[in-house]
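Please find below my notes on the model you sent.

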Amino acid sequence: MTRCIALVVAAGRGTRLGGRLPKQYLPLGGVRLLRHTLSALRHHPRIEALRAVIHPDDRALYDEAAAGLELLPPVPGGAERQDSVRTGLESLAELAPDHVLIHDGARPFVDAGLIDRVLDALTARAGAIPALPVTDTVKRGAAGIIAETVDRAALWRAQTPQGFRFADILAAHRAAAGRQLSDDAAVAEQAGFAVALVPGSEDNFKVTTMDDLARAERHLASRLGDVRTGQGFDVHAFGPGDRVWLCGVAVPHNQGLVGHSDADVGLHALTDALLGAIGAGDIGMHFPPSDPRWRGAASDRFLRHAADLVAARRGIIAHVDVTLICERPKIGPHRAAMAARIAEILAIGRDRVSIKATTTEGLGFTGRGEGIAAQALATVRLPLPGG
Ligand code: MG
């Protein structure tokens, strides 16, 4: 079987979108733009592994964008895009893939069919790129005056991912080091090998300007039009201990919670809510209490698993809302830390996480202080059929 690794170029400093953040880290649909790109490639069945090339200053942003995705560690890029690609390719040399796909971090809507077309073309050619025909009439201008109408029949707009036989493109980049060519296909052309054109996609546009970002939001909203809600509920009893785990935070208390794992009722209820939203069963089906692997396990892995299942369906988590039901401990002082922790586990913005607390006015098992209950709601946006 042919082995393919994807290299995502995300080292640019492009802040022309007006923010203080490079464009690949701006929010799109509530998560960082780069996360859409990484997730789309990572979940393609023919891509074995993925590495990003990033700017060293962006490590914390990258870690947030990549949280929970199984990726090769990122490598630092160079001064120009071409330097970054070469550095990334050099870092993959020891893995020696057959093929490499080189993709712009700021193209978040690359789809599986387009990736397949590029990879299929590589069986016959050393390189292949997705491209679209130029449909507008093309003019060559000088000082605001048309100098010439250019024949557009043979003109194409190049996109990424650009696919190559790994050894060939690595050698070509080494040979072209120090020159400034506009894309990897140009590097391959300089080396003299034939690069195939395969159909690209209008949705696979590069986010460069504020207009592009607004277009990306509109595209995402229409693509992820299948909105679903799930709910979860969980209870754990108090037992001996000096802290309770609630929503991923250790809260000091004169008792602990009894359970097979760390007994984090908040994360368990939320995990069930996410699984419910995508109709993927419940936490006990994915992590049976009878399985010794989950004894004492930190519950963030359960929640991350549910989030991975949403991502594998090319969906996003729009919002989560957790209610903790107990007389004690007091939740208020820990609410912000809990929201931050859940946002971190799910790789979503903190403004998309709600933590609430209530008592049962002394009634029932929570009122008698026998245990803690939690309820959660999760809202998930999935692609429309064919989206
Ligand atoms: Mg539980």
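1. Overall. The model is predicted, not experimental. The chain has 387 residues, and 52% of them are buried. Its secondary structure consists of twelve helices and 19 strands. The C-alpha trace spans about 85 × 45 × 40 Å along the principal axes.

2. Largest pocket, size and lining. The largest pocket holds about 490 Å³ of space. Its lining comprises 27 residues, and those nearest the centre are Val-9, Ala-11, Gly-12, Arg-81 and Lys-206. By class, the lining of the largest pocket divides into seven nonpolar, eleven polar and nine charged residues.

3. Largest pocket, contributing elements. At least two lining residues each come from strand S1 (4-10), helix H3 (81-92) and helix H6 (184-191). Of the elements, H3 gives the most to the lining of this pocket, with three residues.

4. Cavity, size and lining. Searching the whole structure for cavities of 30 Å³ or more gives one. The largest cavity contains about 230 Å³ of space. It is lined by 20 residues, with Arg-35, Ser-39, Ala-311, Gly-315 and Ile-316 nearest its centre. Two or more lining residues are given by each of helix H1 (33-42), helix H10 (300-312), strand S17 (316-325) and helix H11 (335-346). H10 gives the most, with five residues. The lining of the largest cavity divides into eleven nonpolar, four polar and five charged residues.

5. Helix H1. This helix, which gives two or more residues to the cavity lining, is mostly covered: nine of its ten residues are buried. The buried residues of H1 are Leu-33, Leu-34, Arg-35, His-36, Thr-37, Leu-38, Ser-39, Ala-40 and Leu-41.

6. Salt bridges, and the pair Asp-104 and Arg-81. The count of salt bridges comes to 21. In one of them the side chains of Asp-104 and Arg-81 meet, at 3.0 Å from N to O. This pair links distant parts of the chain, with Asp-104 in strand S6 (residues 99-104) and Arg-81 in helix H3, 23 residues apart. Are the two partners buried or partly exposed? Asp-104 counts as buried because its relative accessible area is 6%, under the 20% cut-off. Arg-81 is partly exposed, because its relative accessible area is 27%. Arg-81 is also one of the residues nearest the centre of the largest pocket.

7. Lys-206 lies in the loop between strand S12 (195-199) and helix H7 (210-223), while Asp-104 is in strand S6, so the pair ties together parts that are 102 residues apart in sequence. Lys-206 is partly exposed, with a relative accessible area of 33%. Through shared partners, salt bridges join Arg-81, Asp-104, Arg-107, Asp-184 and Lys-206 into one network. Two members of this network, Arg-81 and Lys-206, are listed among the residues nearest the centre of the largest pocket.

8. Glu-90 forms a salt bridge with Arg-174, and the closest N and O atoms are 2.7 Å apart. Glu-90 is in helix H3 and Arg-174 in helix H5 (residues 166-175), so the pair links distant parts of the chain, 84 residues apart. Both partners fall in the partly exposed class: Glu-90 has a relative accessibility of 34%, and Arg-174 has 47%.

9. Surface patch. Phe-233, Val-235 and Phe-365 make a nonpolar surface patch of about 240 Å². Phe-233 is found in strand S13 (residues 226-239). Phe-233 counts as partly exposed because its relative accessibility is 45%.

Conventions:
Residues are numbered from 1 along each chain as its sequence is written. This is a predicted model: local features need pLDDT of at least 70, side-chain atom pairs count only at pLDDT 80 or more; totals for chains, interfaces and linings use all residues. Side-chain values use heavy atoms; hydrogens and water are left out. Patches are made of residues with over 30% relative accessible area and no salt bridge: like charges are joined within 9 Å, nonpolar side chains (Val, Leu, Ile, Met, Phe, Trp, Tyr) within 5 Å. Accessible areas come from the Shrake-Rupley method with a 1.4 Å probe; for residues, only the protein chains shown count as cover. A salt bridge is a side-chain nitrogen of Lys or Arg within 4 Å of a carboxyl oxygen of Asp or Glu. Helices (H or I, at least four residues) and strands (E, at least two) are DSSP runs, numbered from the N terminus. Buried means under 20% relative accessible area, exposed over 50%, partly exposed in between (1.4 Å probe, protein chains only). On a 1 Å grid over the protein atoms alone, a cavity is a set of points where a 1.4 Å probe fits but cannot get out, and a pocket is an open set with protein on both sides within 12 Å along at least five of seven lines; lining residues have an atom within 4 Å of a point. Grid points are joined across faces, edges and corners, and a volume is the space filled by probe spheres set on the points. Ala, Val, Leu, Ile, Met, Phe, Trp, Tyr, Cys and Pro count as nonpolar, Asp, Glu, Lys and Arg as charged, and the others, Gly among them, as polar.
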